[in-house]
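Got your viewer open and a selection tool ready? Let's take a short walk through this model, one stop at a time.

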Amino acid sequence: MIEPAKNELGWMLDEVLKVPEARHAILLSADGMLRAHSADIGRDDAERLAAGLSGVQSISRSTAEFCGSADSPWQQTLIEFAHGYVFLVAAGEGAHLAVSTTEHVDMEAVTYRMHKLVDRLGRELTSPARRDAGSPA
């Protein structure tokens, strides 16, 4: 039997949720793998959302030239819904931090808290690209 992956960084993500009206937080790799999730979201939902948000980040990054330079690094994406927001920020090489909120959140407070978390955790929030560990064919 395969043991479920541990959520060792989950407690750190709970810090972002101290902003009133913040709902959930997940840490994902660039290829859509879940690295950690806050206590208030189940692993299955967090994994599904990590895969989707990876695609959002990729699409966002592909539009850099719209801001003047195709090689400008992606830093953040904001998605607005009728009843809330999803904030997605770069969290180190190959890692992204996502937070969902209600529509009443202080947007500046949540982005500030997200960036502070990324700054404080540094290497903890990185996910280097996977390397092929298999034997040559």
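This is a predicted model: local features need pLDDT of at least 70, side-chain atom pairs count only at pLDDT 80 or more; totals for chains, interfaces and linings use all residues.

Select Gly 122 to begin: with a relative accessibility of 33%, Gly 122 counts as partly exposed. The cut-offs here are under 20% relative accessible area for buried and over 50% for exposed, with partly exposed in between (1.4 Å probe, protein chains only). Gly 122 sits in the segment after α3. Helices (H or I, at least four residues) and strands (E, at least two) are DSSP runs, numbered from the N terminus.

Residues are numbered from 1 along each chain as its sequence is written, and side-chain values use heavy atoms, with hydrogens and water left out.

**Stop two: the sheet**

Switch to cartoon view and find the strands. In what order do the five strands of the open sheet come? The order is β2-β1-β5-β4-β3, and the pairing is antiparallel. Two strands pair if DSSP finds at least two bridges between them. Look at the edges, where β2 (34-37) and β3 (76-81) each have a single partner strand, so one side of each has no neighbour in the sheet. From one strand to the next, the twist averages 15°.

Next, pick residues 84-90 and 95-102. These are β4 and β5, antiparallel strands joined by seven bridges. Within this pair, Val 89 stands opposite Leu 97 of β5.

Then bring in the helices. Helix α2 (residues 43-61) packs on the sheet and touches β1 (22-29), β2, β3, β4 and β5; contact means heavy atoms within 4.5 Å. The direction of α2 makes about 70° with that of β1. Axes are lines fitted to C-alpha atoms, for helices over the stretch in contact, and angles run from 0 to 180 degrees between N-to-C directions. Helix α3 (residues 107-121) also packs on the sheet, touching β3, β4 and β5, and its direction makes about 30° with that of β4.

**Stop three: a hairpin**

Zoom to β1 and β2. They form a hairpin with four residues between them, and Gly 32 in the turn has a positive phi of about 90°.

**Stop four: an aromatic pair**

Show the side chains of Tyr 85 and Phe 87, both of which are buried. Rings of Phe, Tyr and Trp (its six-membered ring) pair if their centres lie within 6.5 Å; planes under 30 degrees apart count as stacked, over 60 as edge-to-face and the rest as tilted. By this rule there is one aromatic pair. Tyr 85 and Phe 87 make up that tilted pair, with 6.0 Å from centre to centre and 50° between the planes.

**Stop five: the cores**

A nonpolar core is a set of buried Ala, Val, Leu, Ile, Met, Phe, Trp, Tyr and Cys residues joined through side-chain atoms within 4.5 Å. Which residues touch the most other members of the largest core? Select Leu 13, Leu 27, Leu 97, Val 99, Val 110, Met 114 and Leu 117, out of 23 residues in that core. At least two residues each come from α1 (10-13), β1, β4, β5 and α3, with α3 giving the largest share, five residues. A second, separate core has 11 residues, including Leu 34, Ile 41, Ala 50 and Leu 53.

**Last stop: salt bridges**

How many salt bridges does the structure hold? There are three, each a side-chain nitrogen of Lys or Arg within 4 Å of a carboxyl oxygen of Asp or Glu.

- Lys 18 and Glu 15: N to O, the distance is 3.1 Å. Lys 18 is exposed at 55% relative accessibility, whereas Glu 15 is partly exposed at 26%.
- Glu 47 and Arg 43: the closest N and O atoms are 3.2 Å apart. Both residues lie in helix α2, four residues apart, about one turn of the helix.
- Asp 45 and Arg 48: here the closest N and O atoms are 3.4 Å apart. Asp 45 is partly exposed at 38%, and Arg 48 is exposed at 53%.
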